[in-house]
Amino acid sequence: MKLLESSRFEALNSALCFDSGDSKIVGRIESYSCKMAGNDKQLYKRFNAEQGVTPNDLQALSPPQSGLGISPGQSYYSRSISGDEEGPLCDTISRKTLFYLIATLNAAFQPDYDFSDAKSHEFSKEPSLQWVMNTVDSNLSATVGEQYRSLRANVWAAIQDEVAMSECDIYSYNPDLTSDPFSEDGCLWSFNYFFYNKKLKRIVFFTCRAIK
């Protein structure tokens, strides 16, 4: 994954570091090309080394972190094949797209963390753009209030101009505590969103955490 230089995102990243007195916010937005670079090709080869596995094979994702993301009339339950039982309906992801998400994490957090062994169940597909925007806005507004509200329009406009959000599949990374780079003591909340525009072959990664 190649980091795409953006002076606009760099300026926003400086502004996305707040200190409210009670807590500190550290946010970052970066854009990556899905063109494989550096160690990506070797990792991709290892990633698909299992016998009988192809890049188009689908793997199960975890449900989104909150049922609030489900719109009225939409259900995350479906009939089983037999028709007499109900079971959770899970989203899926192709191995190739999963690789892009893992490679983005590696690029964003190298050399401190290695996500090469991350599994599909550590990721979720978000139900809607509006849900993601609401989650980001509510977390940041609740923590730093007016400081974020004055920045909000610029944040979403910059992401929109970079990847056309309505054309993106949006994923989140929700790892267990042992592999979470934000699981240190004092972390109040964190989020890691990927805005993946398949047509542009580009991912915008928006990561943020609040620390006591």
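The chain has 6 helices and 11 strands, where helices (H or I, at least four residues) and strands (E, at least two) are DSSP runs numbered from the N terminus. Of the 212 residues in the chain, 45% are buried; buried means under 20% relative accessible area, exposed means over 50%, and partly exposed lies in between, with a 1.4 Å probe and protein chains only. Residues 24 or more positions apart account for 70% of the contacts in the chain with a separation of 6 or more, a contact being heavy atoms within 4.5 Å.

A quick word on reading the numbers: because this is a predicted model, local features need pLDDT of at least 70 and side-chain atom pairs count only at pLDDT 80 or more, while totals for chains, interfaces and linings use all residues. Residues are numbered from 1 along each chain as its sequence is written, and side-chain values use heavy atoms, with hydrogens and water left out.

- S10 (residues 187–197) and S11 (residues 202–211) run antiparallel and are joined by 10 bridges; two strands pair if DSSP finds at least two bridges between them.
- S10 and S11 form a hairpin with 4 residues between them.
- Because 8 of its 11 residues are buried, S10 is largely enclosed by the rest of the structure.
- S10 also pairs with S9 in the antiparallel sense, over 4 bridges, and here Tyr171 has Phe194 of S10 as its bridge partner.
- S9 (residues 169–173) is mostly covered, with 4 of its 5 residues buried.
- S9 pairs with S8 (residues 123–125) as well, again in the antiparallel sense, over 3 bridges; the bridge partner of Phe123 is Tyr173 in S9.

**Helix H2 and its two sides**

- Asp40, Leu43, Tyr44 and Phe47 are the buried residues to look for in H2.
- These residues sit on the same side of H2 because they cover an arc of only 100 degrees around the axis, the arc being that of the directions from the helix axis to the C-beta atoms.
- On the other side of H2, Lys41, Gln42, Lys45 and Arg46 are exposed.
- H3 is included in what covers the buried residues of H2.

**The largest pocket**

- Rolling a probe the size of a water molecule over the atoms shows where empty space is left.
- The largest pocket has a volume of about 380 Å³.
- Of the 17 residues lining this pocket, the closest to its centre are Asn39, Asp40, Asn106, Ala107 and Gln110.
- On a 1 Å grid over the protein atoms alone, a pocket is an open set of points where a 1.4 Å probe fits, with protein on both sides within 12 Å along at least five of seven lines, and lining residues have an atom within 4 Å of a point.
- Grid points are joined across faces, edges and corners, and the volume is the space filled by probe spheres set on the points.
- H2 (40–47) and H3 (95–109) each supply at least two residues of the lining, and the largest share, 4 residues, comes from H2.
- By residue type, the lining divides into 8 nonpolar, 6 polar and 3 charged; Ala, Val, Leu, Ile, Met, Phe, Trp, Tyr, Cys and Pro count as nonpolar, Asp, Glu, Lys and Arg as charged, and the others, Gly among them, as polar.

**Backbone details in the loops**

- A cis peptide bond joins Gln110 and Pro111, with omega about 0 degrees, and Pro111 lies in the loop between H3 and S8.
- Ala164 has a positive phi of about 50 degrees although it is not a glycine.
- Ala164 lies in the loop between H6 (152–163) and S9, and at 17% relative accessibility Ala164 counts as buried.
- Lys201, also not a glycine, has a positive phi of about 55 degrees.
- Lys201 is placed in the loop between S10 and S11, and at 57% relative accessibility Lys201 counts as exposed.

**Two residues and their contacts**

- His121 is found in the loop between H3 and S8, and beyond four places away in sequence it touches Ala60 and Ser62.
- The C-alpha atoms of His121 and Ser62 are separated by 4.9 Å, although these residues are 59 residues apart along the chain.
- Asp137, in H4 (residues 129–144), counts as buried at 11% relative accessibility.
- Not counting residues up to four places away in sequence, Asp137 touches Tyr148, Arg152 and Trp156.
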